[in-house]
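Here are some notes to read alongside the model.

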Amino acid sequence: MKKHLLILLTLFSVFVATAQSRGLKIAYIDMDYILEKVPDYAEAKNQLELKAQKWKQELEQKRNDINKLKESLETEKPLLTKELIEEREEEIKFLENDLIEYQQKRFGPNGDLITQKAVLVKPVQDQVFNIVQDLAESRNYDFIFDKSSDMTMLFSAKRHDISDFVIRRITRAAKREKLSGKELKQLEEMEKQEELEADPEYQDRQKKIEDRKAERERLIEERRKAQEEKRRQYEERREQLKKEREAKRNGVKTDSDTTEGGDGENTSERPASTSREDAVKAAREERERKLEERKRQIEERKQQILEQREAAKKAREEQRNKNTEPQEEEENNNTTPQEENNQG
């Protein structure tokens with residue numbers, strides 16, 4: 001068993017590697033699953049199961065009759081002659097053989113149950129075969145497997161399963177005869193659309209499109225929120241300026257004699273058209289203030305850099321002076337007597 005499993009794994013690995021290298025398209029169906037979902041087959045299968053249940057009851061009745069004959073023979077054996085006993089035993093043997101033949105006839109390898117089940121399955125299998133052929137041609141499949149067959153499938157990705165699509169095709173085929181020309185055309189268009197949606201490559205393309213659309217909507221939403229935030233900040237700034245102007249106007253109105261520029265002009269009577277000019281002027285002053293602040297920071301940074309450079313230069317000079325002093329002392333210590341006399 002392990003040897004067979006190893007061989008299957010090896011063959012499957014080789015097949016997958018080949019499929020990946022050559023770009024093969026693979027799909028599979030589950031015939032058992034399809035048969036369960038086809039209405040006509042399910043109904044006929046239920047009728048066949050009722051027949052099988054009836055056959056089982058007949059077998060059980062025959063078996064019970066044989067057992068009763070055996071019990072009766074055992075009870076009456078002391079009273080029967082040898083010829084009667086043999087006759088009873090032959091009758092029982094005949095009934096047992098008849099039971100075996102009946103069981104083989106109904107449930108044997110070539111019995112009624114297997115034969116009628118094959119008759120039920122055959123039309124559905126033919127439909128599935130034709131649909132699979134059409135799909136293989138329209139979608140360019142290289143291989144389509146049956147998961148319920150004797151071939152062992154160690155792994156099967158759900159996205160390669162086309163069983164549901166085959167079931168829809170079979171179900172609609174039964175309804176085509178009752179449809180009008182217009183309804184039939186609509187059904188064919190619907191089938192084409194579903195065929196595209198069931199295609200894994202189409203699904204991948206649709207997923208990429210949806211991802212790009214979602215990303216685009218996310219960026220648009222972020223830009224919209226940013227614009228709303230800017231608008232909110234602008235409104236807050238505008239309200240603040242408005243409040244400052246109102247406060248200034250109220251102050252000028254109450255203290256007109258002591259405030260600067262008290263030339264008799266009532267500032268509270270300025271026309272409403274100057275409010276925008278005040279906002280522009282305030283914004284300009286704010287920008288100028290920020291520029292001045294930026295310049296001041298730059299000058300401070302420059303001054304700081306110059307101071308650091310001067311400090312570093314001074315430290316290097318001090319280090320250089322420390323290094324030269326020991327050399328001069330050593331030269332003074334190394335003077336010869338002749339040099340001392342000459343100096344004297």
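Is phenylalanine 107 buried, partly exposed or exposed?

1. Phenylalanine 107 is partly exposed, with a relative accessible area of 27%. For reference, buried means under 20% relative accessible area, exposed over 50%, and partly exposed in between, using a 1.4 Å probe and protein chains only.

2. A word on conventions: this is a predicted model, where local features need pLDDT of at least 70 and side-chain atom pairs count only at pLDDT 80 or more, while totals for chains, interfaces and linings use all residues. Residues are numbered from 1 along each chain as its sequence is written, and side-chain values use heavy atoms, with hydrogens and water left out.

3. Searching the whole structure turns up two aromatic pairs (rings of Phe, Tyr and Trp, the last by its six-membered ring, with centres within 6.5 Å; planes under 30 degrees apart are stacked, over 60 edge-to-face, the rest tilted). Tryptophan 55 and phenylalanine 107 make an edge-to-face pair, at 6.2 Å centre to centre with 80° between the planes. This pair links distant parts of the chain, 52 residues apart: tryptophan 55 belongs to helix H3 (residues 39–76) and phenylalanine 107 to helix H4 (residues 82–107). Helices here are DSSP runs (H or I, at least four residues), numbered from the N terminus. Tryptophan 55 is buried, at 7% relative accessible area.

4. Phenylalanine 143 and phenylalanine 145 form a stacked pair, with 6.1 Å between centres and 5° between planes. Phenylalanine 143 is partly exposed, its relative accessible area being 35%.

5. Lysine 25 lies over the face of tyrosine 141, 5.0 Å from the ring centre, and the charged end of lysine 62 sits over the ring of tyrosine 102, 5.4 Å from its centre. The criterion is NZ of Lys or CZ of Arg within 6 Å of the ring centre and within 35 degrees of the ring normal.

6. The axes of H3 and helix H5 (residues 112–138) come within 11 Å and cross at roughly 180° (lines fitted to C-alpha atoms over the stretch in contact, with angles from 0 to 180 degrees between N-to-C directions). H3 is therefore roughly antiparallel to H5, a label for angles over 145 degrees. Among the residues in contact (heavy atoms within 4.5 Å), Tyr41, Leu48 and Trp55 are on the H3 side, and Leu113, Leu120 and Val124 on the H5 side.

7. Asparagine 130 is found in helix H5 and is partly exposed, with a relative accessible area of 45%. Asparagine 130 and valine 166 are 36 residues apart in sequence and 9.9 Å apart in space, C-alpha to C-alpha.

Conventions
Helices (H or I, at least four residues) and strands (E, at least two) are DSSP runs, numbered from the N terminus. Angles under 35 degrees count as roughly parallel, over 145 as roughly antiparallel, 65 to 115 as roughly perpendicular and the rest as oblique.
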